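The exercises below are meant to be worked through with the sequence and the structure side by side. Please try each task before reading its solution.

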Amino acid sequence: MFDKILIANRGEIACRVIKTARKMGIQTVAVYSDADKNALHVEMADEAVHIGPPQANQSYIVIDKIMEAIRQSGAQAVHPGYGFLSENPKFAQALEAEGVAFIGPPVKAIEAMGDKITSKKIAKEAGVSTVPGYMGLIEDADEAVKISTDIGYPVMIKASAGGGGKGMRIAWNDEEAREGFQSSKNEAASSFGDDRIFIEKFVTQPRHIEIQVLADTHGNAVYLHERECSIQRRNQKVVEEAPSPFLDPETRRAMGEQAVALAQAVGYASAGTVEFIVDGDKNFFFLEMNTRLQVEHPVTELITGIDLVEQMIRIAGGEALSIRQEDLKINGWAIENRLYAEDPYRGFLPSIGRLTRYRPPAEGPLGDGIVRNDTGVFEGGEISMYYDPMIAKLCTWGETREIAIETMRNALDSFEVEGIGHNLPFVAAVMDHPKFVSGDMTTAFIEEEYPDGFQGVTLEEGELRRVAAAAAAMNRVAEIRRARISGTLDNHERLVGDDWVVAMKTGLPDEAGPWTVRIAADQDGSTITFEEGDSLRVEGDWTPGQSLARMQVDGRPLVLKVDKITQGLRLRSRGADLQVYARTPRQAELVALMPEKLPPDTSKMLLCPMPGLIVKIDVEEGQQVQEGQALCTVEAMKMENILRAERSGTVAKINAGPGDSLAVDDVIMEFE
C-alpha cells in the first residue's frame, strides 16, 4: 500500500480524500494556487505545494506543475478528485511515465469513455441502449443546425470532453441550435481545452439515473446500485438520492448489469459511473460514463457502507475487490443537497465573497436519521470567482425515504451561511415540494415548477402561525432583557405587557398577519393565544444574540435562523425568509400610518446579475431591440450567460464593454 498520495484537486473533494487517506494511515500532499493559500484542504493535508496563480489553467490543470509537485513531495500515487485533470488521459500517461500510480482507471478506459462520442459508439457496439444522435465531429453552426433538424428538435448540444454541466445547451429551434453550438464550443474550449461538439436527441420527461461501478485489475466488477439525479439546474445536479424512488428491482438489475458489462468491455478498473436517461416507462438509454469519482458519491456510501475512495486507493495499489455483487444490499435511503454559492432568486447565478458565517449542522445522529457534510470551506474563508461555486454537500440518511427527507429538512434549517448568495432556500423548498416528496420528478423539475424563476417560499397558514407564536415568545424574552438593562424595577417582567400584534413581511406579494396575540408565560415556556381563541404552546431556550433558535411549537420542533433587524427579527425556516415584527397594540396603530419606502426604479436598466466579465456586447447605442434579443454575454465561473431584452426598446447608453469586470447590479446599459 502507498505511504503518501498527492491530491490533484482542491475544495471539498480534496478534504474528502484526505479523510480516507488519514483513516488508512496514508500521508497526504495538497496542491494549491494563490487563491487557495489558506484553504481548508491545505490545512488538513500533511504537506502542501504551491502550484501557481488562481486561474485553473495556470495552476490546477497544468500537468507540468502537478508533476513537479509530485517530484518535490515524493508522492507515490495521485488521486485526481473530479473535474480538473481527473479525466485527462495525458495526465494519466504522464504519471505512468513517472512511475507514479494514478488512483483512477487505465488510460485506455479514460480515452474510450471520457470522450462522449467514442463512448457512445462503444456502448452501442456492446449492446447498451443509446440515445439517437450524431456522433461525428461538427464543423460549424450551419452544420449543427442541419444535424439538429435531421434528428428532430429538441436536441442536446454537448461538449465531447465536457462534464459538470459545462458546454451543454438544449435547442428547440434553428436559432437556439446555432447560438447553443457557439456557446457550447466556447465553454468547452475554456473549461476543457477541447472544443469538439456532438448533438443528440433530447429525451423529454426524462429522469437522470446513474449506476455506480467498481472494478479491479483482476477482472472483478460490481455495481453499487443507483443514484437519482433528476433535479438539476443548467444541466448540473443539485439534489441526488440513493436509491431511486422510481426504479423497480428488475430495472435496477438490468441497468446495473449493463453498466458492469460496459466497464468490462473497456477494461475499466477503479470507481466509475454509468449515467442513463430513463423515460416514464422505465426504458433507459446510455448517456455517458464518468471515469472518476462522482460529486454525489456520498449517498452511495451511505446506503452500502462502502468507502469508495478507499476502494479506489486499494484498486490502484493492485488489490482485488473483496466485495461480491451478492454482498451489496440497499440499506435505508440517502439524500444529498449541493450547497452552492449562487443566488436562486437570480436564476442560480454565481455569487462570490467572504463567508462571514459558516456553521453547518453537526455530523452524526439527528432525530431518527444521520447527517454527513462534505465541505472544503470555513467561516471567514473566501468563495473565489475562479472555481466551481460549491460550498458543501449536505447528506442525510434514514431507514426510509421519509426519514431521510425529514432529517434533511431539519439539517437545512440548522445550516447557517452568511456573506454570500446561496441556494439553501431553494433546496429547502425542494424538500417540501409535493412532487419531490412523492418521487414524481424529471430533469425538467425546476423549469416546470419554477417557470418564472425561484421567487421564494410561501409557508402554509398553519406554519406561519407557528412562526408568529415563536416570534412573540422570543420578542418577550428580548423585551425582558431590554427592561433589565434600562428599567429600575426589581421585577422587570412587569415592564413587558401581555398583548402584542405580530406582523410579517415575507418578501412575496402576499404578506402574513397581523395577528393579535396574548402571551401567558410560565417557568417552562409561553402559551400564545390568538385573537380567535386558539392557542399554541412555545418552549425553547433561545436568548437574544443567538443566531439559531431551536423551539418546540405545538409539540413539534421548529428551527429558526435568527438575525436582528430594526424593530423586529429576521427569521428563516424551511426556505422562507421572513421579517417579523412584534409590537404593542399602540405601536401597531402608529406603524399603520407610516408611508412605505419604495425601491428605486431600475426597469429601464440592464443590471449585471452576477460578478463576472463582459465577453461581448451585441448592441449599439441608439439601436432598437426586441423582446428576447441578445444584449450581451457575461462570463462567470467558466459559464457564459447571455443576457436578453425583457421587452422592446431603444438602447440609450452602454456603460460597459468587453473585458470589463462587473459586480452584482452594476449597470451594463440603459434604455429610453
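Is Asp 618 buried, partly exposed or exposed? With a relative accessible area of 31%, Asp 618 is partly exposed, where buried means under 20% relative accessible area, exposed means over 50%, and partly exposed lies in between (1.4 Å probe, protein chains only).

The model is predicted, and local features need pLDDT of at least 70, side-chain atom pairs count only at pLDDT 80 or more, while totals for chains, interfaces and linings use all residues. Residues are numbered from 1 along each chain as its sequence is written, and side-chain values use heavy atoms, with hydrogens and water left out.

**Exercise 1. Salt bridges**

Solution. Begin with the rule, by which a salt bridge is a side-chain nitrogen of Lys or Arg within 4 Å of a carboxyl oxygen of Asp or Glu.

Arg 71 is partly exposed at 45% relative accessible area, and Glu 98 counts as partly exposed at 35%.

Arg 346 has a relative accessible area of 30% and is partly exposed, and Asp 665, with 37%, is partly exposed.

Finally, the count by this rule comes to 59 salt bridges.

**Exercise 2. Aromatic pairs**

Task: classify the ring pair of Phe 276 and Phe 284, and then that of Tyr 345 and Phe 454.

Solution. Rings of Phe, Tyr and Trp (its six-membered ring) pair if their centres lie within 6.5 Å; planes under 30 degrees apart count as stacked, over 60 as edge-to-face and the rest as tilted. A search of the whole structure finds 13 aromatic pairs. The rings of Phe 276 and Phe 284 have centres 5.4 Å apart and planes at 85°, so this pair is edge-to-face, and both residues are buried.

For Tyr 345 and Phe 454, the centres are 5.3 Å apart with 40° between the planes, and the pair is tilted. Tyr 345 lies in the loop between β16 (342-343) and β17 (349-350), and Phe 454 in the loop between α15 (445-449) and α16 (461-486), 109 residues apart. Tyr 345 counts as partly exposed at 39% relative accessibility, whereas Phe 454 counts as buried at 2%.

**Exercise 3. A strand and its partners**

Task: describe the surroundings of strand β11 (residues 221-233) and the strands that pair with β11.

Solution. First, 13 of the 13 residues of β11 are buried, so the strand is largely enclosed by the rest of the structure. Second, apply the rule that two strands pair if DSSP finds at least two bridges between them. Strand β10 (residues 207-215) and β11 pair in the antiparallel sense over six bridges, and Ala 215 stands opposite Ala 221 in β11. The hairpin of β10 and β11 has five residues between the strands, and there Gly 219 takes a positive phi near 90°.

Third, β11 pairs with strand β12 (residues 236-242), again in the antiparallel sense, over four bridges, and Lys 237 in β12 is the bridge partner of Gln 232. The hairpin of β11 and β12 has two residues between the strands, and in it Arg 234 takes a positive phi near 50°.
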